[in-house]
Amino acid sequence: MAKHDLYSRFDVETLILRDELAIDRTLLANERTLLSYLRSGIALLIAGVSFIHFAHEIWFIVVGVICVPSGFITVLVGVSRYNKMDKAISVVRRKFDKTSTKTAPVKKVMRDTDDI
């Protein structure tokens, strides 16, 4: 089964500033998601190490042993999802950059301070 391009329904020639800003918002959301994965992974690692170090009962140690690899897995999943999404965003960004060179140049607005 061929991989479906999510952006194939959009006409690349008609992308406007709003579309570029939407791409920027998507990029920032992707970075926030990565930071959330990293924060969760580090919290699991710290919790696991704390349970193992300070626990006196066996079930606390078992929970700590489960938390440590879960933290590593969470970080790895977050980084892989970030990379996958970043590649998809960069494809759309390149499509937009190709079309943005074809638009009319922006006129410079003269301000009173430009004369000084």
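User: Which helix does Thr-74 lie in?

Analyst: Thr-74 lies in helix α2, which covers residues 58-100. Helices here are DSSP runs of H or I with at least four residues, strands are E runs of at least two, and both are numbered from the N terminus. A word on the basis: this is a predicted model, where local features need pLDDT of at least 70, side-chain atom pairs count only at pLDDT 80 or more, and totals for chains, interfaces and linings use all residues. Residues are numbered from 1 along each chain as its sequence is written, and side-chain values use heavy atoms, leaving out hydrogens and water.

User: How many helices and strands does the chain have?

Analyst: Two helices and zero strands. Helix α1 spans residues 17-54.

User: What makes Thr-74 buried?

Analyst: Its relative accessible area is 18%. Buried means under 20%, exposed over 50% and partly exposed in between (1.4 Å probe, protein chains only), so Thr-74 counts as buried at 18%. Thr-74 also touches Tyr-37, Ser-40, Gly-41 and Leu-44, leaving out residues up to four places away in sequence; a contact means heavy atoms within 4.5 Å.

User: Why is Asn-30 called buried, and which residues is it in contact with?

Analyst: Beyond its neighbours within four places in sequence, Asn-30 is in contact with Arg-81, Tyr-82, Met-85, Asp-86 and Ile-89. A polar atom of the Asn-30 side chain lies 3.4 Å from the backbone oxygen of Tyr-82. A polar contact is a pair of N or O atoms within 3.5 Å; within protein, one must be able to donate a hydrogen and the other to accept it, and residues adjacent in sequence count only if both atoms are side-chain atoms.

User: What makes Glu-31 partly exposed?

Analyst: The value for Glu-31 is 33%, so it falls in the partly exposed class. Glu-31 lies in helix α1.

User: Why is the pair of Trp-59 and Phe-60 called stacked?

Analyst: The search of the whole structure finds two aromatic pairs. In this one, the ring centres of Trp-59 and Phe-60 are 4.1 Å apart and the planes stand at 25°, so the pair is stacked. Rings of Phe, Tyr and Trp (its six-membered ring) pair if their centres lie within 6.5 Å; planes under 30 degrees apart count as stacked, over 60 as edge-to-face and the rest as tilted. Ring pairs link Trp-59 and Phe-60 with Phe-51 into a cluster. Phe-60 is partly exposed at 29% relative accessible area.

User: Which residues form the nonpolar patch on the surface?

Analyst: Ile-58, Trp-59, Val-62 and Ile-66, with about 440 Å² of accessible area together. Areas come from the Shrake-Rupley method with a 1.4 Å probe; for residues, only the protein chains shown count as cover. Patch residues have over 30% relative accessible area and no salt bridge; like charges are joined within 9 Å, and nonpolar side chains (Val, Leu, Ile, Met, Phe, Trp, Tyr) within 5 Å. A salt bridge is a side-chain nitrogen of Lys or Arg within 4 Å of a carboxyl oxygen of Asp or Glu. Trp-59 has 48% and is therefore partly exposed, and Val-62 is partly exposed with 43%.
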